[in-house]
Amino acid sequence: MDFVNPTIEYAELSPLLIIFGVALVGVVVEAFVSRERRHVVQSSLAGVGILAALGATVAVGLNLDKVGDGTAQGLVAAEGSVVVDGPTIYLWGLILVFALAGVALFAERRLEAGVSAFAGQAAAMPGTDAEREASTRGLAHTEIYPLLMFAVGGMLLFPASGDLLMMFVSLEVLSLPLYLLCGLARRRRLLSQEAAMKYFLLGAFSSGFFLYGVALVYGYAGSMDLAVINEAVVNGADNEILLILGIALLSVGLLFKVGAVPFQAWTPDVYQGAPTAVTAFMSAATKVAAFGAMLRLFYVAFGAARWDWEPMLWVVAILTMLVGAIVAIAQTDVKRMLAYSAVAHTGFLLTGLLGLQSLGELADGQITSLQAVLFYLTSYGVASLGAFALVTVVRDANGEAPSFTRWTGLGKRSPLVAGLFAFFMLSMAGIPLTAGFVGKWAVFTVAMSAGAWPVVLVAILSSVIAISFYIRFIRLMFFTDPVEGEAVGEVALASPLTGLTIAGCAAATLFLGVVPGPVLDLVVHAGDFIR
């Protein structure tokens, strides 16, 4: 046989190439640039790289061609392993915006008196002379920026994967840097290292389940290509038990990444122990990438087998919403409360995923489940990112002060910070005139029209439960006085980078709640997945 050169669509894959290229350049910077200059060089390089990738994403999105009956647009690139279609472009843009905010939070140095929130020497044992010396000298790990860029590259590739092998590789590329970043907190290092170890061990197990699922699905369909798997499902290939077991095992890996019950145990510990800048970035960008991949896998590869996987997701969505909302009530730490809130929101997103319907079943003007989930990812992402960014500015003598007691009466000491945090929480609760209200309306509507009304009823109940702990915390900030003699948190002056991130998230949350039309039009214009 003659060797056939592979065809690589470099222009359409340029956002990926830019991000991975910047990550590699960042590694070289660590080797050749002096320690004193690395922070400025690395943060600038990461910011410029993300902006360049964002510009390339817009350019690619404006030049996508219609495919088939016109409901989808784009192309299958890199010999079938990467799909660049409308949903991919939207997810890429959203991930890159959150990544840019992540770089801004990573670069914050004013809150820690001129040093970053990351450990000065990660190899030094907590409490040792080596750690104290690193802290005294003001050392910082600027490797966090290449790690961030590799994670972003994996996140871009994950929802664009056209076959199961590429999906697994991208899952590992996005996960491994996050395991490291979670363990690099400057303060409370033991808690941070414990979080990183839990995340790594549980993530390794979930990856093993995912890979085993890949093997079983390959045994069923004879291919790892999502389109070929779909054909095998439609044609009813033999050994259906392999398909069902494969779907179940693949689901374990994906449900772990989004923090769904019963795979949510890592979420509160990691959210609490990781540096808050990392938590903010993870809470938004990781969820976008993982749900993008989940949508592509279930809709493209397993869409014809929906009656096999929908009952499982019904149970997972119901448990996830109830566990997240109920357990959040008992929390006394802001980051853990937001972590369980994230678990509940995962259930709401799964509710939207269950709204899968064929185009013939949709009423005129009705949005699809894909579009509803994309909008919800946007609305939740900006609120979560803004809330965690605000957590970084409330501090006491020991640094960040996430304990409820430190936030008591914050509305009187800093009405602006408390008001913004309350606004983000009201959006997560789904109060009208916020982005969260429109997002919940969208996912509940598509799930109800698809017949998943029991899940929607549980979602409404969970929303009511969630409102109780959101309102309780708002009451704590504005209408509760601190206990006499007990230390309280004060608002520290952050750098303009953190301030702009918070302001941008607040503006986006308000805009999406008052004028959601432009973004809804954008997700509708994105069209469907290429199948």
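A residue is called buried here when its relative accessible area is under 20%. By that cut-off, both F168 and F210 are buried. Please keep in mind that this is a predicted model.

**Aromatic pairs**

- A pair of aromatic rings is described by the distance of the centres and the angle of the planes.
- The model holds 19 aromatic pairs by the ring-pair rule.
- F168 and F210 form a stacked pair, because their ring centres are 6.3 Å apart and their planes stand at 15 degrees, with under 30 degrees counting as stacked.
- Since F168 belongs to helix α6 (residues 164–182) and F210 to helix α7 (residues 189–221), this pair ties together parts that are 42 residues apart in sequence.
- Y179 and F200 make an edge-to-face pair, because their centres are 5.6 Å apart and their planes lie at 75 degrees, where over 60 degrees counts as edge-to-face.
- This second pair also joins helix α6, through Y179, to helix α7, through F200, so it ties together parts 21 residues apart in sequence.
- Y179 counts as buried because its relative accessibility is 7%, while F200 is partly exposed, with a relative accessible area of 38%.
- Y179 and F200 also belong to a cluster linked by ring pairs, together with Y199, F256, W266, Y271 and F388.
- Looking at a charge over a ring, R306 lies over the face of W307, 4.6 Å from the ring centre.

**The largest nonpolar core**

- In soluble globular proteins, nonpolar side chains tend to be buried together.
- The largest nonpolar core has 174 residues, and F302, F421 and F473 touch the most other members.
- Helix α11 (residues 276–301) gives the most to this core, contributing 19 residues.
- Once neighbours within four places in sequence are left aside, F302 is in contact with V217, I229, L243, I247, L250, L297 and W309.

**Helix α8, from cap to end**

- At the N-terminal end, D225 caps α8, with a side-chain oxygen 2.9 Å from the backbone nitrogen of A227.
- Within α8 (residues 226–235), the residues L226, I229, A232 and V233 are buried.
- These four are on the same side of α8, because they cover an arc of only 115 degrees around the axis.
- V234 and N235 are exposed on the other side of α8.
- The cover over the buried residues of α8 includes α6, α7, α9 (240–258) and α11.
- After α8 comes G236, which has a positive phi, near 70 degrees.

Definitions and conventions. Residues numbered from 1 in each chain as written. Predicted model: local features only at pLDDT ≥ 70, side-chain atom pairs only at ≥ 80, totals over all residues. Heavy atoms only, no water. Phe/Tyr/Trp six-rings, centres within 6.5 Å; stacked < 30°, edge-to-face > 60°. Helix = DSSP H or I, 4+ residues; strand = E, 2+ residues; numbered from the N terminus. Buried < 20%, exposed > 50% of the residue type's maximum accessible area, 1.4 Å probe, protein only. Lys NZ or Arg CZ within 6 Å of the ring centre and 35° of its normal. Core = buried A, V, L, I, M, F, W, Y, C linked by side-chain atoms within 4.5 Å. Contact = heavy atoms within 4.5 Å. Arc of directions from axis to C-beta. Polar contact = N/O pair within 3.5 Å; in protein donor to acceptor, adjacent residues only side chain to side chain.
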